[in-house]
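Here is a short briefing for a first look at a protein model. Start with the picture, then read the points by topic.

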Amino acid sequence: MQGLVAEQGICSGRPGNLPEPRKICGASGAARTGLPMSRDSLGDVEKHFWLTRSVARCMDISLTEAMAEGRLSANEYSRIVTRCRAANCSGQCEVWLSQQQAQAASAPEFCANADRLNALKA
């Protein structure tokens, strides 16, 4: 699974509570507002764990270090992975990750966790 997002260079939780309402991508890639899909239709935990970590790594954020420093709780880590699983943007995310050739200044706009990842970057 790591190879999926680490092929082009620099970019290389546990599931928990349902994510908070926010702007998320629908099946067509168009944004919609509201609660994500039911728990039964969430994406694969392992895939979304690595997508979340890879986006953070492209931003030069270590989620492990953020937890150790108290900037990210285990519950919040779980929520951001679950939010990723519900967003249905993994295809867009994989493309974005494959195009990263340098450190990203911010999370991609379509990312369901952009606000939180950008806050961790600051």
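Accessible areas come from the Shrake-Rupley method with a 1.4 Å probe; for residues, only the protein chains shown count as cover. By that method the protein chain exposes about 6,400 Å². Carbon and sulfur atoms supply 48% of this area. The model is predicted: local features need pLDDT of at least 70, side-chain atom pairs count only at pLDDT 80 or more, and totals for chains, interfaces and linings use all residues. Residues are numbered from 1 along each chain as its sequence is written, and side-chain values use heavy atoms, with hydrogens and water left out.

**Overall build**

- The protein chain has 6 helices and 2 strands. Helices (H or I, at least four residues) and strands (E, at least two) are DSSP runs, numbered from the N terminus.
- Along the sequence, their pattern is α-β-β-α-α-α-α-α.
- Of the 122 residues in the protein chain, 43% are buried. Buried means under 20% relative accessible area, exposed over 50%, and partly exposed in between (1.4 Å probe, protein chains only).

**Helix α2**

- Helix α2 covers residues 45-58, which is 14 residues. The expected span is 1.5 Å times one less than the number of residues.
- Buried residues of α2 include His48, Phe49, Leu51 and Cys58.
- Aspartate 44 caps the N-terminal end of α2. One of its side-chain oxygens lies 3.4 Å from the backbone nitrogen of glutamate 46.
- Just after α2, aspartate 60 takes a positive phi of about 65°.

**Salt bridges**

- Side chains of opposite charge can pair when their charged atoms come close.
- The whole structure holds 3 salt bridges. A salt bridge is a side-chain nitrogen of Lys or Arg within 4 Å of a carboxyl oxygen of Asp or Glu.
- Glutamate 94 and lysine 47 form a salt bridge at 3.2 Å, N to O. Glutamate 94 lies in helix α5 (residues 90-99) and lysine 47 in helix α2, so the pair ties together parts 47 residues apart in sequence.
- Glutamate 94 is partly exposed at 21%, and lysine 47 is partly exposed at 22%.
- Arginine 71 pairs with glutamate 69 in a salt bridge, with the closest N and O atoms 2.8 Å apart. Arginine 71 is partly exposed, at 35% relative accessibility.
- Arginine 116 and glutamate 76 form a salt bridge, their closest N and O atoms 2.3 Å apart. Arginine 116 sits in helix α6 (residues 114-121) and glutamate 76 in helix α4 (residues 74-87), so this pair ties together parts 40 residues apart in sequence.
- Arginine 116 is partly exposed at 21%, whereas glutamate 76 is buried at 18%.

Technical notes:
A polar contact is a pair of N or O atoms within 3.5 Å; within protein, one must be able to donate a hydrogen and the other to accept it, and residues adjacent in sequence count only if both atoms are side-chain atoms.
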